[in-house]
4 protein chains.
Amino acid sequence: MSTPLMESLAATEAMSRIFSDASVLTVMLNVEVALARAEATCGVIPEHAANVIREVAQAMDLNVEELVREALRAGTPAIPLVRALTEKVRAKDQSAGDYVHWGSTSQDVVDTTLVLLLEQCRQVLARNHQRMQRGLRHLSEEHSQTAMLARTLLQPAPPITFGLKAAGWFAALRRGWSRVESRFAESKYLQFGGASGTLAGLGSHGIQVSEALANDLELRHPDAPWHAHRDRLAALLAALSIYTASLGKMALDIALLMQYEVGEAAEPGGDGRGGSSSMPNKQNPMACTLTIAASKRTPGLLANFLNGMLQEHERGLGGWQSEWTTVTAIVQAAGVAAESMVEVVEGLKVDADRMRRNIAATGGTMFAEKAVLAQAKEGVQNPEDFLGSAEVFRVRLLRGDD
Amino acid sequence: MSTPLMESLAATEAMSRIFSDASVLTVMLNVEVALARAEATCGVIPEHAANVIREVAQAMDLNVEELVREALRAGTPAIPLVRALTEKVRAKDQSAGDYVHWGSTSQDVVDTTLVLLLEQCRQVLARNHQRMQRGLRHLSEEHSQTAMLARTLLQPAPPITFGLKAAGWFAALRRGWSRVESRFAESKYLQFGGASGTLAGLGSHGIQVSEALANDLELRHPDAPWHAHRDRLAALLAALSIYTASLGKMALDIALLMQYEVGEAAEPGGDGRGGSSSMPNKQNPMACTLTIAASKRTPGLLANFLNGMLQEHERGLGGWQSEWTTVTAIVQAAGVAAESMVEVVEGLKVDADRMRRNIAATGGTMFAEKAVLAQAKEGVQNPEDFLGSAEVFRVRLLRGDD
Amino acid sequence: MSTPLMESLAATEAMSRIFSDASVLTVMLNVEVALARAEATCGVIPEHAANVIREVAQAMDLNVEELVREALRAGTPAIPLVRALTEKVRAKDQSAGDYVHWGSTSQDVVDTTLVLLLEQCRQVLARNHQRMQRGLRHLSEEHSQTAMLARTLLQPAPPITFGLKAAGWFAALRRGWSRVESRFAESKYLQFGGASGTLAGLGSHGIQVSEALANDLELRHPDAPWHAHRDRLAALLAALSIYTASLGKMALDIALLMQYEVGEAAEPGGDGRGGSSSMPNKQNPMACTLTIAASKRTPGLLANFLNGMLQEHERGLGGWQSEWTTVTAIVQAAGVAAESMVEVVEGLKVDADRMRRNIAATGGTMFAEKAVLAQAKEGVQNPEDFLGSAEVFRVRLLRGDD
Amino acid sequence: MSTPLMESLAATEAMSRIFSDASVLTVMLNVEVALARAEATCGVIPEHAANVIREVAQAMDLNVEELVREALRAGTPAIPLVRALTEKVRAKDQSAGDYVHWGSTSQDVVDTTLVLLLEQCRQVLARNHQRMQRGLRHLSEEHSQTAMLARTLLQPAPPITFGLKAAGWFAALRRGWSRVESRFAESKYLQFGGASGTLAGLGSHGIQVSEALANDLELRHPDAPWHAHRDRLAALLAALSIYTASLGKMALDIALLMQYEVGEAAEPGGDGRGGSSSMPNKQNPMACTLTIAASKRTPGLLANFLNGMLQEHERGLGGWQSEWTTVTAIVQAAGVAAESMVEVVEGLKVDADRMRRNIAATGGTMFAEKAVLAQAKEGVQNPEDFLGSAEVFRVRLLRGDD
């Protein structure tokens with residue numbers, strides 16, 4: 001595993017693996033190999049050169065420490081990687097060395113790599129999302145009749161059902177994921193433009209090579225290179241941030257219900273969850289806490305990405321170079337939040353009895369909605385008489401009626 | 001006009017009118033009137049009461065200063081407005097007063113008002129967007145063969161055409177606006193839930209009244225009230241921020257081209273634009289500057305909105321109450337940026353000659369792309385020989401091929 | 001009053017007055033008058049011209065609507081203001097007109113005006129801060145022995161005293177205000193540099209005029225103009241944001257204590273505070289809510305200001321022009337938060353009895369701190385036996401021992 | 001080295017070493033050892049236990065991968081570390097195991113560790129700051145008479161000297177570092193409060209142990225634990241962000257001067273700096289680019305920290321847990337920016353000749369400052385005649401006169 005200790009609360013094991021040095025370098029080399037292959041297929045470079053490049057890349061043993069050091073000087077990891085690859089190819093076949101990275105620019109490799117890594121992240125997120133949706137639907141159905149206090153500004157309000165609350169979470173996440181999915185699809189594009197984004201180095205073969213390369217990497221082929229137009233990535237990161245915020249809202253609701261004085265729901269706990277180093281018996285809402293923490297990290301990160309979008313001319317002066325850690329941190333935040341809330345949703349303990357007692361404890365003051373009072377003839381005994389359209393709304397939310 | 005001087009660079013006249021006190025109060029009162037009408041239609045309140053409410057609301061003369069002061073104490077402008085309306089209705093017809101705001105909660109009025117105001121903003125933005133698209137398409141076609149230096153990290157790179165650059169801006173804005181439009185549509189929902197979001201005050205008539213009200217206000221009817229689920233608004237604001245950032249990127253490119261030492265393009269100027277209080281002859285890229293300024297304001301505002309999304313239970317404790325100024329400021333920023341760039345695009349002066357001279361001045365060093373050099377047989381005389389797929393990409397960008 | 005309705009929850013009456021058109025224009029004209037006076041004193045412009053400028057400025061009747069419109073085109077309100085002033089001066093005395101704004105640039109007037117407005121805001125904030133400190137000290141002393149549950153991650157933990165909690169708020173605000181005060185002092189500088197920041201228009205009289213002007217306006221004289229170096233303002237805004245966040249933390253604590261199920265403290269309410277348009281009996285923590293809302297707006301605004309700090313060469317291209325609304329919104333947020341929390345602190349209802357009952361209700365589970373248990377010989381009857389150094393810490397916090 | 005490839009542009013080697021797993025764990029264990037020692041000294045735990053804890057901690061061989069995994073579940077790395085340490089101590093001496101982490105809570109260890117790591121970072125930053133100040137002072141002195149165009153909104157304005165420009169950078173960084181230093185000092189506090197921040201587990205020995213521990217770790221002793229009051233850290237991060245922004249402003253200025261069309265200054269380049277994977281001859285302003293990138297990351301990160309400051313009661317629900325990566329990323333950004341700009345400042349190539357030619361090329365239009373023109377008798381031949389107070393300001397900036 002490759003999560004540094006300093007990031008241990010901000011990353012999942014699954015995604016740390018995707019962003020590990022080994023994984024990133026493998027993808028970068030794959031892109032170079034695919035590029036050579038596409039160019040050979042289109043007759044731009046010799047078939048033989050492409051083969052040598054592939055063989056060398058697949059056996060490549062890189063000094064990562066040195067690579068990282070050189071990347072900081074070069075301003076991109078692609079430069080030292082291409083140099084190292086070229087040297088090794090040249091060592092095997094002098095002439096093949098000339099064709100490494102042919103017609104391409106650093107940003108082509110870096111952006112395409114990022115898109116490919118993001119696709120791996122999407123799969124991790126998708127699995128967790130599906131489990132969460134299933135869990136929430138189940139909770140909502142199970143508690144369709146479980147009355148509880150609504151709370152506005154944290155003060156008691158006329159009752160709802162826990163089923164309605166769960167359906168609200170469910171629908172927000174459904175909408176959120178639908179945006180995330182469509183933004184992943186929208187941003188799953190090859191980056192390939194060469195120095196100025198015109199593929200000038202490929203003469204008249206530009207589009208042909210570009211399409212072959214996109215095809216090989218199973219990426220969409222864009223209308224044109226997007227070196228300095230980052231809106232698609234921005235839209236994806238915005239969607240992920242909004243999705244994470246909806247997870248954060250659910251986590252906050254649950255942590256509030258889990259207060260000792262409220263006691264209406266609780267995280268499952270167990271297996272190292274929620275303990276305290278000073279109070280052995282304590283049960284903390286730790287999965288919710290990590291989710292809230294994640295949702296407090298995404299907004300500023302997204303702001304940073306948007307600020308970076310004002311990229312000068314054909315390649316930005318800092319805006320682009322600031323992106324990698326921002327993108328990684330946002331996706332990891334979504335990952336931690338989703339993984340944590342799957343656990344919460346699947347194991348949530350709901351105390352319907354306490355919910356009913358908490359309603360009773362208010363002595364009916366929260367039924368004092370003007371229009372509700374007008375209907376109340378025989379006093380407040382059954383919260384269920386005051387649920388209005390709660391069940392209708394619940395069903396509509398689960399169906400996705402809007 | 002109602003833009004305060006302190007906001008004079010951050011607001012357009014058209015949108016300041018939409019967000020003016022008079023406009024906002026009119027919409028709020030319209031919502032109350034429509035609510036009464038829908039409830040009367042569905043038999044929830046007397047027809048007569050709805051009529052009185054309408055008559056009084058239409059003749060309403062409000063003390064805005066007092067209203068603002070009370071709003072700050074109440075934590076929402078809806079409370080003092082409803083109180084004032086109720087008093088006047090009661091003065092005219094004692095019993096009708098009971099039915100003002102029936103079954104509704106402050107947030108219903110405030111959120112629905114916001115949605116209706118945003119729809120007005122959309123229309124302003126749409127007009128500017130269409131003009132900008134037309135202007136950019138024209139620029140791109142006119143300069144399809146105008147060679148100029150690409151610039152990466154602000155250093156010369158192999159040539160592109162100005163037509164390609166304009167097409168890049170065009171396509172980013174087309175994508176951006178398409179997201180904005182779909183998010184406006186997605187968020188154009190009625191808010192109506194009563195105290196807890198269950199329409200408990202309307203008994204079994206909840207959905208019926210809600211649908212009638214949505215219909216009357218020409219809003220979509222949501223699956224359920226969305227008091228504490230702000231993802232749709234967040235997605236709209238994110239889309240507006242990304243659109244503004246793409247405008248900012250275009251503005252920055254043009255301001256850089258307008259540098260005295262580059263001189264390849266210039267804002268039209270004129271009519272009070274771009275002067276200096278100390279240097280009468282100076283021509284500043286002022287429309288671009290205001291656009292860049294706008295695009296530097298949206299990222300943090302969006303971050304604030306996202307942070308506000310963690311709203312507690314059925315109504316947030318601060319997150320919701322922080323929204324209004326944030327939403328207004330983001331929409332105004334998009335408005336200033338769009339209005340400014342329409343002017344720039346429609347009047348842009350392009351100096352194709354200077355572009356060609358700037359290429360020549362580099363002495364061909366920027367043609368030193370490895371793969372390009374391989375093709376250069378007879379030295380660098382015609383930049384046009386090194387444009388690669390620039391024209392193909394340009395055409396694809398205008399068509400929206402991806 | 002000049003708070004627009006859309007900003008009614010985000011601005012105080014006192015500060016809206018400071019930032020009103022009338023107030024801003026008065027300060028801008030005062031700066032122009034003081035400039036002419038300083039230049040006349042130093043023999044740079046004729047004494048007579050300075051007198052005419054003063055007379056005209058003091059009688060100036062401006063069309064604000066037109067001014068705002070021209071400001072948006074000019075990219076600064078100073079240009080149309082100087083033009084209007086010059087015209088009127090010229091109408092009275094042709095030759096005096098030449099000396100309006102002599103040797104100065106728009107940014108000189110705008111920045112100096114901002115600094116002078118901020119000084120007015122400081123005074124408002126200082127008054128509220130002093131009241132709050134007094135109130136908190138009183139609360140802390142009064143409840144030095146009032147035991148209550150500590151809560152970590154919203155779960156019960158070994159007891160503290162309410163006096164300690166109040167002392168913690170007190171000390172954070174004391175530290176915060178000390179930073180705010182020193183940053184106000186640090187940024188209270190004249191801006192005066194002319195077109196390029198060299199006072200070239202004043203020949204050899206630059207420093208002399210500059211010092212006279214600073215003196216007249218009761219501002220500090222900087223080592224040099226700071227047109228494109230915004231760090232002092234940034235440091236002030238950061239200090240204000242941190243202070244507001246500490247107010248937000250206090251507000252959140254109180255709102256959590258005010259939950260029906262906890263019931264240990266409550267806002268005073270009254271006079272239009274905390275009502276509900278749907279539930280007449282409800283008591284919302286509205287002053288706390290507005291404070292939390294304010295503290296959710298400052299972080300992104302501060303980020304925007306910091307992003308704007310990368311200002312190009314001698315005057316920025318958008319960064320500077322984006323500042324005004326950001327600065328205003330941050331100061332207003334601090335203002336709303338401070339004003340709201342003064343009210344809360346001065347009227348806070350503390351329920352010591354409920355605090356004790358809430359401790360008892362946990363059945364002693366929160367005393368299960370390992371090291372505490374070691375001391376517990378005879379079971380948990382008196383929370384006071386487990387307060388450790390709470391009182392020592394409380395006293396130190398009030399004294400400011402660190 | 002421990003910088004992951006994905007962070008290669010956002011971290012320096014020196015700081016990656018400070019935040020490496022080995023370094024962090026060493027500091028955490030040192031804190032536990034010092035705690036035991038302080039408690040033994042004060043007679044709270046047996047001397048023998050403290051010795052065993054020290055011996056075991058110093059020989060500790062931890063499974064980091066497992067630790068990271070458990071940290072994510074526990075919500076803090078302190079819990080698994082304390083558990084692992086306790087087990088090993090117990091294995092050596094059963095009774096000593098009881099005294100590991102005695103009276104302390106996870107946050108005590110984590111916060112104190114962070115403060116100690118930050119002190120290491122301060123030293124790295126201080127060294128770079130001193131070199132930069134020396135370099136800038138030298139540049140400013142050397143070019144005290146080198147005239148160049150001022151540029152406002154990127155348009156030519158009356159001349160300044162390069163010496164003045166460098167002095168402006170110098171002074172902003174001097175001010176910035178002075179804030180950073182005082183905030184480092186302000187935040188260099190021990191965190192030690194036990195479960196609720198009252199040191200209840202230490203009975204009457206709380207303050208005594210706490211002072212001994214602070215003394216041992218060479219940290220300041222706070223008035224009280226600051227578990228949920230994060231203003232000191234926030235002030236440090238704000239100061240670092242502002243300092244980084246001033247570095248970013250300098251980097252942007254230099255990158256703009258390095259434009260081919262301007263050509264007035266250039267980064268030193270060399271040793272892997274500023275190359276291109278597609279254009280071998282290209283010289284990019286790469287150190288400036290990385291600095292700009294760093295300064296585009298801090299604003300949103302700072303916003304995240306400020307948002308996290310609203311921490312509930314005695315320990316936050318997500319706000320605290322979101323801090324670590326934010327703090328690390330801000331300090332690393334400052335580190336990359338400072339290290340990069342030291343290189344730029346020490347090797348900057350200034351082309352005084354080109355500066356003079358660029359002035360001449362404007363044909364004097366930028367001298368058209370109204371007040372300047374009044375002085376111009378014999379036409380514009382010598383830019384030096386129009387420098388106003390440039391030299392006076394330069395000297396004052398270097399001296400720090402304000």
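The model is a predicted one. In chain A, the secondary structure consists of 14 helices and four strands. The C-alpha trace of chain A extends over about 95 × 50 × 35 Å along its principal axes. Chain A has 402 residues, and 72% of them count as buried.

The interior comes next. In soluble globular proteins, nonpolar side chains tend to be buried together. Here the largest nonpolar core comprises 541 residues, and the members that touch the most others are Met132(A), Met132(B), Met132(C) and Met132(D). Once neighbours within four places in sequence are set aside, the contacts of Met132(A) include Leu173(A), Tyr243(A), Leu247(A) and Met250(A). Ala338(A), Met341(A), Val342(A) and Val345(A) are also in contact with Met132(A).

The cysteines can be considered separately. A disulfide is a covalent bond between the sulfur atoms of two cysteines. Over all chains, the structure contains zero disulfides. Cys42(D) counts as buried because its relative accessibility is 9%. Cys288(D) has a relative accessibility of 0% and therefore counts as buried too.

The remaining topic is the interface. The size of an interface is often given as the accessible area lost when the parts come together. For chain A and chain B, the area buried between them is about 7800 Å², with 61% of it on carbon and sulfur atoms. Within chain A, the residues that lose the most area to chain B are Asp223(A), Leu310(A) and His313(A), which together make up 10% of what that side buries. Chain A gives 99 residues to the contact, and chain B gives 99 residues.

Polar and charged pairs also occur across this interface. Between chain A and chain B there are 31 residue pairs in polar contact, both residues being at pLDDT 80 or more. The salt bridges between the two chains number 10. In a salt bridge between Asp231(A) and Arg175(B), the side chains meet at 2.8 Å, N to O. The elements of chain A that give two or more residues to the side touching chain B include strand S1 (147-152), strand S2 (155-161), helix H7 (162-187) and helix H9 (231-257). Of that side, H9(A) provides the largest share, 15 residues.

Definitions and conventions:
Residues are numbered from 1 along each chain as its sequence is written. Chains are lettered from A and ligands numbered from 1 in the order in which they are written. This is a predicted model: local features need pLDDT of at least 70, side-chain atom pairs count only at pLDDT 80 or more; totals for chains, interfaces and linings use all residues. Side-chain values use heavy atoms; hydrogens and water are left out. A nonpolar core is a set of buried Ala, Val, Leu, Ile, Met, Phe, Trp, Tyr and Cys residues joined through side-chain atoms within 4.5 Å. Buried means under 20% relative accessible area, exposed over 50%, partly exposed in between (1.4 Å probe, protein chains only). Contact means heavy atoms within 4.5 Å. A disulfide is a pair of cysteine sulfur atoms within 2.5 Å. Buried area is the accessible area (1.4 Å probe) that two parts lose on being put together, summed over both. A salt bridge is a side-chain nitrogen of Lys or Arg within 4 Å of a carboxyl oxygen of Asp or Glu. A polar contact is a pair of N or O atoms within 3.5 Å; within protein, one must be able to donate a hydrogen and the other to accept it, and residues adjacent in sequence count only if both atoms are side-chain atoms.
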